[in-house]
Amino acid sequence: MPRLLSSLALSLIALGLISCGQSSGPTTGSGELVVRIGASSPLTGPQAHLGKDNENGTRLAIDEANAQGITIGGQKVRFELVSEDDAADPKTGTIVAQKFVDLKVSGVIGHLNSGTTIPASRIYSEAGIPQISPSATNPKYTHQGFKTAFRVIPNDTKQGGELGRYVASKIGAKTVAIMDDTTQYGQGLANQFEEAAKAAGVTVVTHEHTDDKASDFQAILTNIKAKNPDIIFYGGMDAQSGPMMKQIRSLGIKAKFMTGDGGCSTEFLSLAGAAGEGAYCSLPGLPIEKMPKGEDFKKRFNAKYGEIQDYSPYCYDAVMVMIDAMKRANSTDPSKYLPELAKSNYDGVTAKISFDENGDLKGGVITVYQLRGGKWVAEETLGAQP
Amino acid sequence: MDIFLQQVINGLVQGSLYALVALGYTMVYGIIELVNFAHGEVVMVGALVGLSVIERMAARGETGWGVIALGILVAIPSCMALGLGIERIAYRPLRKAPRLAPLISAIGVSIALQQLAALIWGRNYLHYPEVLANPQFHLGGAVITQVQLVILATTGILMAVMWVVVQKTALGRAMRASAQNPAVAGLMGVNVDRIIASTFLMGSGLAAVAGVLVGTYYGVGNHTMGFMLGLKAFTAAVLGGIGSLGGAMLGGLLLGVIENLGAGYLGALTNGTIGSNYSDVFAFLMLIAVLIFRPSGLMGERGSEKV
């Protein structure tokens with residue numbers, strides 16, 4: 001039904017465009033400036049719950065901004081959300097991006113996955129449309145030299161780095177065995193982790209690879225057992241790390257276990273079962289209760305959409321940062337407010353948001369969780385707030 | 001040394017699971033010379049049916065091997081019905097068609113079953129409830145778990161049973177006769193259609209057992225789990241000599257051990273240039289090597305008695 005509504009809304013917008021004749025950029029009607037903001041995430045498929053959560057976070061921000069009655073360039077502004085489904089598919093992601101460009105949106109919030117965000121970012125860059133991803137963590141996204149690419153979540157260089165140091169300083173490990181699933185996400189994270197762990201004086205006894213479809217890790221784990229590391233780090237998703245955790249314990253390996261945000265889920269809890277107890281994982285950002293305005297956001301969000309899944313607070317901030325830049329530039333024209341966006345210094349729900357020269361969040365934090373009593377318990381937040 | 005022993009134990013357990021599945025391939029191939037590519041999906045269905053049963057029981061607080069056994073007992077008839085249905089719908093009408101037709105039909109069935117399972121059980125990774133304490137035993141520095149022992153024992157027993165059925169019973173004699181020459185077997189009063197159906201029944205029953213054991217062993221089930229397992233088991237059957245019961249057993253165990261030793265020692269032997277991720281490549285290289293020197297597999301002999 002929401003799909004139907006949004007496509008209906010889209011066709012209405014298209015109709016509006018035609019009836020206004022040649023309108024460039026934001027449409028003007030009855031003294032009110034309509035500013036379109038595109039949002040893209042997977043609204044169908046296995047990640048649909050995360051995609052819907054992103055859309056809700058974005059919508060909440062837009063509704064609140066409209067309620068405030070913002071004036072930009074002496075004109076009253078009404079923001080309009082254009083939400084699209086990219087199905088977490090890189091190809092669909094670029095089609096959505098082209099659609100946004102054709103619709104002349106003023107900015108884009110998205111996409112959810114690194115795999116869709118990276119190819120779409122080229123299209124936005126060529127069209128000069130600012131893009132803020134609330135959840136893509138692959139470092140490459142902001143390192144392609146695009147002036148239009150920003151993100152409000154710490155990237156995996158940060159995550160891998162902090163975890164590498166944490167293993168040395170807080171867990172006190174002297175030796176670590178690393179495994180990854182050879183995907184862009186998993187291997188990227190594992191390599192960042194390895195670099196940081198080595199720099200912190202931890203010996204990497206081995207770096208093994210599996211894939212994101214495997215379920216038998218015993219040969220690799222037996223190898224790791226022979227090297228007797230203090231901790232095992234896995235870069236990959238919960239579908240592998242859960243069963244892996246079981247096999248680690250059934251082989252009698254006593255080493256601790258750590259994985260990144262791909263394993264920091266409730267899915268991991270059920271897949272690993274009792275063997276998971278004591279495992280570490282990490283998520284970029286603060287736990288919602290600890291976010292500067294987290295409690296308040298949670299209340300407003302829950303009242304409208306129910307439980308927060310994951311990234312909706314980041315979507316909310318992404319919209320607000322974008323609108324803040326428009327206000328300071330006193331324009332909704334992408335070419336005018338883009339320089340202001342880069343200079344952002346915004347007090348958001350998730351953090352104080354400002355960007356480095358690449359468009360990455362300055363000084364983002366990572367929270368480490370430990371599995372205790374069958375639940376992920378926030379252990380410590382790493383990295384300084386700016 | 002204990003590491004070597006551990007890799008061999010892991011390999012034997014994994015290999016005996018391959019062998020159970022390989023039996024299904026080899027028996028069907030032996031009789032109608034069809035590579036039943038949907039067989040891996042039958043294993044998957046067995047695992048997921050078993051999972052549903054075990055989940056129900058676990059929710060009622062039941063634990064122990066009885067729960068797993070019940071899962072297997074429900075999975076076997078489900079898979080048998082499925083196997084029979086596949087044969088009736090997808091293969092029997094094509095028996096006189098060119099060789100490629102049933103092969104394509106098998107691939108179609110495989111895809112259809114995967115999608116059907118995705119509809120019934122969803123696309124998420126499902127976890128097998130932990131109903132076993134799974135104690136560990138130490139064996140000269142290596143560890144072997146109860147589940148691993150049960151897998152080895154179950155496979156051994158089932159293999160022996162299959163051998164007796166094929167070699168010592170009237171049904172087995174009819175199967176061997178149909179494999180050698182279906183037309184002549186038919187003239188001698190053997191109901192070939194019925195024999196083929198019973199081959200599918202037996203293969204699917206074994207697949208059900210393998211499915212529940214795989215789920216119990218690794219603790220996960222998913223609608224895609226049958227594909228790779230089926231491919232490996234097929235490889236094992238070819239390695240051992242497709243059409244030969246003993247060959248399926250030997251091929252399965254060998255493939256399991258080779259894979260584990262490959263993953264265990266490739267990295268060390270090549271100083272890290274070729275890592276554990278190449279263990280599959282290694283296993284298939286071995287297969288190619290064997291087939292160059294013995295084109296009909298380790299135990300298969302050209303023109304010999306099949307099944």
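Me: How many of the 13 residues of H8(A) are buried?
Reply: This is a predicted model, in which local features need pLDDT of at least 70, side-chain atom pairs count only at pLDDT 80 or more, and totals for chains, interfaces and linings use all residues. Residues are numbered from 1 along each chain as its sequence is written, while chains are lettered from A and ligands numbered from 1 in the order in which they are written. A residue is buried if 20 or more other C-beta atoms, placed from the backbone, lie within 10 Å of its own, exposed if 12 or fewer, and partly exposed in between. H8(A) is largely enclosed by the rest of the structure, because the buried residues number twelve of the 13.

Me: Which residue just after H8(A) takes a positive phi?
Reply: Helices (H or I, at least four residues) and strands (E, at least two) are DSSP runs, numbered from the N terminus. H8(A) reaches 18 Å from its first C-alpha to its last, close to the 18 Å expected at 1.5 Å a residue, where the expected span is 1.5 Å times one less than the number of residues. Its buried residues include A:Asp238, A:Met244 and A:Ser250. Just after the helix, a positive phi of about 75° is taken by A:Gly252.

Me: Which element gives the largest share of the side of chain A that touches chain B?
Reply: Two residues are in contact if their C-beta atoms, placed from the backbone, lie within 7 Å, and by that rule 25 residues of chain A are in contact with 26 residues of chain B. Strand S9 (203-209), helix H7 (218-227), helix H8 (238-250) and helix H9 (266-272) of chain A each supply at least two residues of that side. The largest share, six residues, comes from H7(A).

Me: How far apart are the C-alpha centres of domain 1 and domain 2 of chain A?
Reply: The bounds, which come from an automatic or database domain assignment, are 2-153 + 289-353 for domain 1 and 157-284 + 366-382 for domain 2 of chain A. Six residues of domain 1 of chain A are in contact with seven residues of domain 2 of chain A. The C-alpha centres of these two domains are separated by 34 Å.

Me: What is the radius of gyration of chain B?
Reply: The radius is taken over C-alpha atoms, and the globule rule is 2.2 Å times the number of residues to the power 0.38. Along its principal axes the C-alpha trace of chain B spans about 60 × 50 × 35 Å, and buried residues make up 51% of the 307 residues. A compact globule with 307 residues would have a value near 19 Å, so chain B agrees with it at 19 Å.

Me: How many other C-beta atoms lie within 10 Å of B:Ala38?
Reply: B:Ala38 is placed in the loop between helix H1 (2-32) and helix H2 (39-59) of chain B. Leaving aside neighbours within four places in sequence, B:Ala38 is in contact with B:Ile86, B:Ala106, B:Val109, B:Ser110 and B:Leu113. B:Ala38 is buried, and the number of other C-beta atoms within 10 Å is 26.
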